[in-house]
Amino acid sequence: MMKLELSRVVQGCRLGVLTGLGKTGQHCLEVPGCLLYTRCATVPHLTQDTLHTLSDLPSVTQVTVESLAEHQEVLEECKEGVRKFAGLHNTVLFCSLHDSVNPNPAGHVTNKTVSVWGSGGRIELTAARFMAIQAAIQPDFYQSMADGETWQANSSRKRVRKAVDRTLAHLDECLMLHQKTQELKQAEIFGVLEGGDIMEERLRSTRETAKRPVGGFVLDGFHSAAMNQDVRGQLIQAITAELPHEKPRLILGVGCPDQVISCAEAGVDLFESFFPFQVTERGCALNFNYNINPDPETAVLELNGETPAVTKPSKNGDESMTTFEINLKDKRYQDDFRPLVEGCDCYCCQKHMRAYIHHLLVTNELLAGVLLMLHNMAHYLGFFRALREAIANDRLQDFKNRVLS
């Protein structure tokens with residue numbers, strides 16, 4: 001039985017361990033933490049063997065109905081779920097509805113169905129088909145069906161209210177079918193909290209969902225750039241204040257480090273890890289500093305009021321770039337013989353230099369994606385590890401100052 005054991009709460013951040021995961025209940029996941037992002041049950045650019053050169057991988061792998069719905073018949077014929085079908089190592093599976101990297105067209109939700117988009121186009125799902133797909137996937141916990149289309153800035157109050165009503169109705173139907181599905185007997189269902197940017201509807205969705213026998217909660221609709229960051233923080237804080245402390249809270253669509261910290265302070269436990277993939281697809285490398293215990297040389301420089309030179313990110317025409325990454329397609333890196341990040345122990349930083357990654361990118365070599373994904377995943381997992389250590393050692397403010405500088 002999944003159980004969240006909290007050890008401390010600092011500035012709203014909940015430090016603890018999610019235990020009892022998996023079919024045997026032997027897996028656990030530290031929080032705040034992230035899930036392992038996949039596309040069609042595979043981490044992009046990486047084989048299983050390459051992936052497992054990384055240390056401290058999350059014990060929970062995320063798959064999506066969106067990428068697996070069109071493989072339903074094959075999975076049903078396989079009878080052993082996605083874990084066996086995709087050759088995954090011993091991992092816990094979480095199944096969400098959509099891939100946060102792919103925006104879906106609005107206007108395809110009804111009172112009885114939701115839609116996902118596969119390689120062959122739109123797939124309309126009733127609750128019965130949605131649950132049949134879950135039975136074929138055989139996840140350890142999964143997100144209920146939901147109407148998540150009210151993140152748009154122009155959503156009316158009436159549309160938001162309808163989304164909350166639909167999501168609750170979907171949850172009730174999924175819970176009923178869950179009890180009747182043998183393949184899901186040991187799985188947990190997570191209720192989805194909707195409500196757009198309307199506080200009243202967010203609270204109604206939260207309170208009603210918390211009354212249902214769910215294993216945890218999914219906070220949906222906070223990924224839009226249209227939502228003001230302060231409004232997002234206020235909504236999430238209000239939501240988490242209504243939720244039971246012993247059940248985990250997972251947020252969808254939030255991955256940028258500054259937003260992760262903000263949401264963790266508002267009481268969120270779990271995040272997706274699509275952000276390293278997005279950075280990789282831009283030809284970029286994560287290189288922000290999260291180390292609150294710098295090496296002696298850097299510590300001396302900081303004591304003297306000096307800091308090591310920081311390369312100002314060049315967007316190189318890509319407006320989606322963040323301040324947490326460097327664009328290795330930029331010509332400045334063609335003769336830069338340093339690793340992506342000094343002191344990083346990932347394979348890419350140990351074996352290769354920025355100039356080589358630049359060369360791979362400008363010549364469109366597939367190896368560029370492999371090496372960047374290895375580094376970006378390692379850096380992102382290190383960020384979460386440092387966040388937990390900062391909470392444990394009462395140094396959260398130092399950590400924020402370091403990351404957000």
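Figure 1. Of the contacts in the protein chain with a separation of 6 or more, 67% are between residues 24 or more positions apart; a contact means heavy atoms within 4.5 Å. The structure is a predicted model, in which local features need pLDDT of at least 70 and side-chain atom pairs count only at pLDDT 80 or more, while totals for chains, interfaces and linings use all residues. Residues are numbered from 1 along each chain as its sequence is written, and side-chain values use heavy atoms, with hydrogens and water left out. The chain contains 15 helices and 16 strands; helices (H or I, at least four residues) and strands (E, at least two) are DSSP runs, numbered from the N terminus. Its C-alpha trace spans about 60 × 45 × 45 Å along the principal axes.

Figure 2. Buried residues make up 55% of the 405 residues; buried means under 20% relative accessible area, exposed over 50%, and partly exposed in between (1.4 Å probe, protein chains only). The chain exposes about 18,000 Å², and carbon and sulfur atoms supply 49% of this area. Accessible areas come from the Shrake-Rupley method with a 1.4 Å probe; for residues, only the protein chains shown count as cover. There are 41 positive and 50 negative side chains, and the centres of the two sets lie 5 Å apart. Lys and Arg count as positive and Asp and Glu as negative, whereas His and the chain ends are not counted. The place of a charge is taken as NZ of Lys, CZ of Arg, CG of Asp or CD of Glu.

Figure 3. A nonpolar core is a set of buried Ala, Val, Leu, Ile, Met, Phe, Trp, Tyr and Cys residues joined through side-chain atoms within 4.5 Å. The largest one has 104 residues, and Phe383 and Phe399 have the most contacts inside it. Helix α14 (residues 367-392) gives the most to this core, with 15 residues. Apart from this core lies another, of 18 residues, including Leu18, Val31, Phe141 and Leu250. Not counting residues up to four places away in sequence, Phe383 touches Pro257, Val260, Ile261, Phe288, Tyr290, Phe399 and Val403. In helix α9 (residues 257-265), the residues Pro257, Val260, Ile261, Cys263, Ala264 and Glu265 are buried. Gly267, which follows α9, has a positive phi near 105°.

Figure 4. Thr19 belongs to strand β2 (residues 13-21) and counts as buried, at 19% relative accessibility. Leaving aside neighbours within four places in sequence, Thr19 is in contact with Met1, Met2, Lys3, Glu5, His27 and Cys28. Val31 and Pro32 are joined by a cis peptide bond, with omega about 0°. Pro32 lies in the loop between β3 (27-31) and β4 (33-34).

**Figure 5. Two loop residues with positive phi.** Most residues other than glycine have a negative phi, and most peptide bonds are trans. Asp56, in the loop between α1 (48-51) and β6 (60-64), has a positive phi near 55°. At 55% relative accessibility, Asp56 counts as exposed. Asn364 also has a positive phi, of about 60°, although it is not a glycine. Asn364 is placed in the loop between α13 (354-362) and α14 and is exposed, with a relative accessible area of 68%. Glu365 is found in the loop between α13 and α14 and is partly exposed, at 44%. From Glu365 to Thr19 the C-alpha distance is 41 Å, and the two are 346 residues apart in sequence.

Figure 6. Asn327, in strand β16 (residues 325-327), counts as buried at 3% relative accessibility. Its C-alpha atom is separated by 9.0 Å from that of His358, 31 residues apart along the chain. Thr181 lies in the loop between α6 (157-180) and β11 (188-193), and counts as buried at 13% relative accessibility. Thr181 and Ala135 are 46 residues apart in sequence, with 7.1 Å between their C-alpha atoms.
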